[in-house]
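Trainee: I am new to this structure and would like a close look at a single part of it. Could you take me through the sheet, and then show me some of the salt bridges too?

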Amino acid sequence: MILVTGATGAVGREVAGLLAAAGPVRILARRPERLTVRGDGVEVVEGAYGDRPALDRALEGVSSVFLVTNSPTDPDDERVAGAAAAAGVRHLVKLSMMAVEEPGADDFITRWQRRNEETIRASGVPWTFVRPRTFMSNTLSWAPGIRSTGVVRALYGDAPVACVDPRDVAAVAVAALTGAGHEGRTYAVSGPEAITAREQTAQLSRVLGRPLRFEELGLDAARTALLAKYPRPAAEAFLESAERQRAGAKAAVVPTVEELTGCQARPYRTWAADHADAFAAE
């Protein structure tokens with residue numbers, strides 16, 4: 001039995017779906033009604049990371065865990081790793097981020113993920129870290145502007161990033177969960193090309209069959225927009241990350257998807273075509 005957490009998120013739902021298609025899977029979900037993966041082989045345990053009895057129920061008889069955490073203030077990695085060690089879990093695959101292995105990245109979110117990895121290493125549970133680059137699905141945040149005005153507004157339109165389809169990240173995670181010899185390994189995961197926000201806008205325009213315009217946000221406007229959605233430490237972390245992207249720190253392409261899955265990583269144009277409905281005009 002494999003336990004999947006974060007199954008309502010971009011990667012977790014894909015991991016759960018791939019595992020459910022091949023056999024039984026268990027999901028720990030704080031809000032089960034939001035799950036899209038269902039079926040006879042899908043077992044759901046309702047509960048949060050801070051609910052130790054629920055966590056123990058979810059981990060009973062489990063051999064491997066796919067772990068996604070999102071709170072930079074709650075000790076969720078420590079909670080899961082400790083409970084997994086007590087339950088005799090043999091493998092924990094953690095969704096991390098590529099920036100943790102980059103010395104120039106020292107923002108609030110990257111430091112948090114580095115601490116999470118250290119916590120899991122110290123737990124004694126054999127681990128694998130899957131470290132993706134920026135998700136292509138992050139551009140779904142452009143959908144309201146595209147639908148209403150045909151305009152994409154973003155910071156640093158010519159900064160390249162080797163963004164990755166969450167489905168490919170999930171496929172790498174499933175390979176690590178179900179294959180042998182992945183313990184103690186770290187896997188950086190990127191898409192097949194470095195692409196800028198301006199180029200993504202052009203590809204979305206072709207997919208949608210209508211003109212779109214890119215407008216570059218100034219730093220102050222970008223900060224204001226981020227602070228409307230996130231606490232200041234997270235907002236400032238995103239701005240620091242954008243500066244690294246502008247300097248070319250996120251442009252490197254790695255072959256991990258093909259090496260672990262046998263399939264080439266999907267380019268942004270494929271992701272855009274598969275999600276065109278999300279950007280359709282009102």
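Mentor: Happy to; we begin with the sheet and the helix packed on it, and then turn to the salt bridges. Please keep in mind that this is a predicted model.

Let's start with how the strands are arranged. The sheet is open and has seven strands, which run in the order E3-E2-E1-E4-E5-E6-E8, with parallel pairing. At its edges lie strand E3 (42–46) and strand E8 (185–189), each of which pairs on one side only. On average, neighbouring strands of this sheet are turned by 20 degrees against each other, direction ignored. As background, the strands of a sheet pair through backbone hydrogen bonds, and this can be done in a parallel or an antiparallel way.

Now pick out one pair of neighbours. Strand E1 (residues 2–4) is joined to strand E4 (residues 64–67) over three bridges, in the parallel sense. Within this pair, Val4 has Phe66 of E4 opposite it. A helix also belongs to this picture: helix H1 (residues 12–22) packs on the sheet and touches E1, strand E2 (25–29), E3 and E4. The direction of H1 makes about 150 degrees with that of E1.

Next come the salt bridges, of which the structure holds 21. In general, side chains of opposite charge can pair when their charged atoms come close. Helix H9 (residues 232–246) contains both Arg232 and Glu236, four residues apart, or about one turn of the helix. These two form a salt bridge, with 3.5 Å between the closest N and O atoms. Arg232 is partly exposed at a relative accessible area of 49%, and Glu236 is partly exposed as well, at 23%.

Arg246 and Glu243 are three residues apart in H9, so about one helical turn separates them. Their side chains meet in a salt bridge at 2.9 Å, N to O. Arg246 has a relative accessible area of 49% and is partly exposed; Glu243, at 30%, is partly exposed too. Elsewhere, salt bridges with shared partners link Glu101, Glu117, Arg121 and Arg131 into one network.

Finally, look at Glu33 and Arg31, whose side chains meet in a salt bridge of 3.1 Å, N to O. Glu33 counts as exposed because its relative accessibility is 55%, while Arg31 is partly exposed, with a relative accessible area of 39%.

Terms used:
Residues are numbered from 1 along each chain as its sequence is written. This is a predicted model: local features need pLDDT of at least 70, side-chain atom pairs count only at pLDDT 80 or more; totals for chains, interfaces and linings use all residues. Side-chain values use heavy atoms; hydrogens and water are left out. A salt bridge is a side-chain nitrogen of Lys or Arg within 4 Å of a carboxyl oxygen of Asp or Glu. Buried means under 20% relative accessible area, exposed over 50%, partly exposed in between (1.4 Å probe, protein chains only). Helices (H or I, at least four residues) and strands (E, at least two) are DSSP runs, numbered from the N terminus. Two strands pair if DSSP finds at least two bridges between them. Axes are lines fitted to C-alpha atoms, for helices over the stretch in contact, and angles run from 0 to 180 degrees between N-to-C directions. Contact means heavy atoms within 4.5 Å.
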